Amino acid sequence: MLADLLNTVIETVQGMNLWLVAGIAFLGLLLETSLFVGFLVPGDATLLVTATSVTSFERWGLIVIAAVLGALAGESIGYALGRWLGPTLKRSWLGRRIGLENWAQAETLLAQRGGLAVFVSRFLPVFHSLVPVTAGMARMRYRKFMAWTLPACLLWAVAYVSVGAFATSSFQQLSTQLHWAGFIFAAIIAVFVLVMWLAKRWLSKRVATQLAADTKPDPSTVP
């Protein structure tokens, strides 16, 4: 049954050493925000799973901090790679696999929106790994880069860890009274994931529309 499976997962995670759970959150987010690897590592799922270990405010805070530090570390590595190896990286086999269009869009987004592009990219597929590298290539000041990416990483981590912890707490409180408490847990996570998917989809469309408008030739300049 779903409740039994959830109990097993939650008890397993809560039985792990807290620092090990925090380390998993840190490593998962570091990889999720890293170039190339970030396209394969599901940072959202990592946070939701580690959030099931939350049984107190202190545990919540530690997981959030670990996630934010992991994301910042991954994005800092991307920034450094862009700053020192940008053109070479872009021309490499892996760089070409990302696609010239994705590189061009990341560069245009950063050129047109600056720090705001760094903030928004945290919530966009592909761009969350590409924009840090592009920022390094563009020689954006590291202090400015961090000033924009820190609040985005914090907002993202707080949202996922809070929802994961809330769903876990709700399930544990109701599981002794309702045999279908597992479906409440699943519903909370499903609604949150759907809302985030819709938000990312809307934001992606807005960015795509803006990029298309920014790259469209001005009719007044056409001979």
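Leu110, in this predicted model, is in contact with Ala117, Val118, Val131, Thr134, Ala135, Ala138 and Met140 once its neighbours within four places in sequence are set aside. Leu110 is also one of the buried residues of helix H6, together with Trp103, Ala106, Thr108 and Leu109. Helix H6 itself covers residues 100-113, and because 14 residues at 1.5 Å a residue should span 20 Å, the 20 Å between its end C-alpha atoms agrees with expectation. Just after H6, Gly114 takes a positive phi of about 55°.

The largest nonpolar core has 58 residues, and Leu110 is listed among those with the most contacts inside it, alongside Leu47, Ile63, Phe127, Phe145, Tyr160 and Val161. Helix H9, residues 142-174, gives the most to this core, with 12 residues. In soluble globular proteins, nonpolar side chains tend to be buried together.

Aromatic residues form a further theme. The structure holds eight aromatic pairs, among them the stacked pair of Phe57 and Trp60. These two residues are three apart in helix H4 (residues 57-91), so about one helical turn separates them, and Phe57 is exposed, with a relative accessible area of 62%. Elsewhere, Tyr79, Tyr142 and Phe145 form one aromatic cluster, while the charged end of Arg122 sits over the ring of Trp156.

| Partners | Arrangement | Distance |
|---|---|---|
| Phe57 and Trp60 | stacked pair, 25° between the planes | 5.4 Å centre to centre |

Methods:
Residues numbered from 1 in each chain as written. Predicted model: local features only at pLDDT ≥ 70, side-chain atom pairs only at ≥ 80, totals over all residues. Heavy atoms only, no water. Helix = DSSP H or I, 4+ residues; strand = E, 2+ residues; numbered from the N terminus. Expected span 1.5 Å × (residues − 1). Buried < 20%, exposed > 50% of the residue type's maximum accessible area, 1.4 Å probe, protein only. Phe/Tyr/Trp six-rings, centres within 6.5 Å; stacked < 30°, edge-to-face > 60°. Lys NZ or Arg CZ within 6 Å of the ring centre and 35° of its normal. Core = buried A, V, L, I, M, F, W, Y, C linked by side-chain atoms within 4.5 Å. Contact = heavy atoms within 4.5 Å.
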